[in-house]
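Hello,

Here is the structure you asked about. My notes on it follow below.

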Amino acid sequence: MKIFFALCLSLAFLLSSCGPNYVYNHKTSFDNATWTYQGLQQHAVEINDVAHLYNLVIGLKHSPEFAYQNLYVKIKTIFPDQQTREQVLSLNLAGGNGEWYGSCSGQTCSIEIPIQQNAIFEKAGKYQFIIEQYMRTEKIEGVKALSFKVEKTNQAVPVQKENK
């Protein structure tokens, strides 16, 4: 019996260490499943380890009756030195045939979309990510929740060779 318990405990530890290593993971639910222009999503992420690559991921929960195949978002990044960068992205939620990407169960569809893979943070410090819906309509109905995740990978930042 002790051996069985030790094996189960070891297996549980092994399985728990195989998942993503999120340094940041925050989810916001929207009242009445509606995301408005005023519903800015602000995320402050402290990056201490600049020797590894990171993945940035947006998770979205929406109703199956969501009226669009994609969702435009604008992401503003504020770096530790206060420099800023903005980018508009189209998050593809469905194929041309109208079938949802991700998974749907009951009244909720869920999808996780990598928005930047193998990102390099050049400086340690606080990074701010501000995400806003950037559609042509002030209120986007059917958006239930949005999550923003920063995953630290096991990959080191590639070493740059110096030109001689």
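The lining of the largest pocket is made up of ten nonpolar, five polar and five charged residues. Please keep in mind that this is a predicted model. The pocket holds about 520 Å³ of space. It has 20 lining residues, and the closest to its centre are Thr 77, Phe 79, Arg 85, Gln 116 and Ile 120. Strand 5 (70-78), strand 6 (84-92), strand 8 (108-119) and strand 9 (125-133) each give two or more residues to the lining. Strand 6 provides the largest share, with five residues.

The largest nonpolar core contains 32 residues, and Leu 71, Phe 148 and Val 150 have the most contacts inside it. At least two residues of this core come from each of strand 3 (41-47), strand 4 (52-62), strand 5, strand 6, strand 8, strand 9 and strand 11 (143-156). If neighbours within four places in sequence are set aside, the contacts of Val 150 include Tyr 22, Val 45, Ile 47, Leu 56 and Phe 121.

Strand 3 runs antiparallel to strand 9, and seven bridges join them. Within this pair, Gln 41 stands opposite Ile 131 of strand 9.

Regards

Terms used: Residues numbered from 1 in each chain as written. Predicted model: local features only at pLDDT ≥ 70, side-chain atom pairs only at ≥ 80, totals over all residues. Heavy atoms only, no water. 1 Å grid on protein atoms, 1.4 Å probe; cavity = no way out; pocket = protein on both sides within 12 Å on 5 of 7 lines; lining within 4 Å. Points joined across faces, edges and corners; volume = space filled by probe spheres on them. Helix = DSSP H or I, 4+ residues; strand = E, 2+ residues; numbered from the N terminus. Nonpolar A, V, L, I, M, F, W, Y, C, P; charged D, E, K, R; others polar. Core = buried A, V, L, I, M, F, W, Y, C linked by side-chain atoms within 4.5 Å. Buried < 20%, exposed > 50% of the residue type's maximum accessible area, 1.4 Å probe, protein only. Contact = heavy atoms within 4.5 Å. Pairing = 2+ DSSP bridges.
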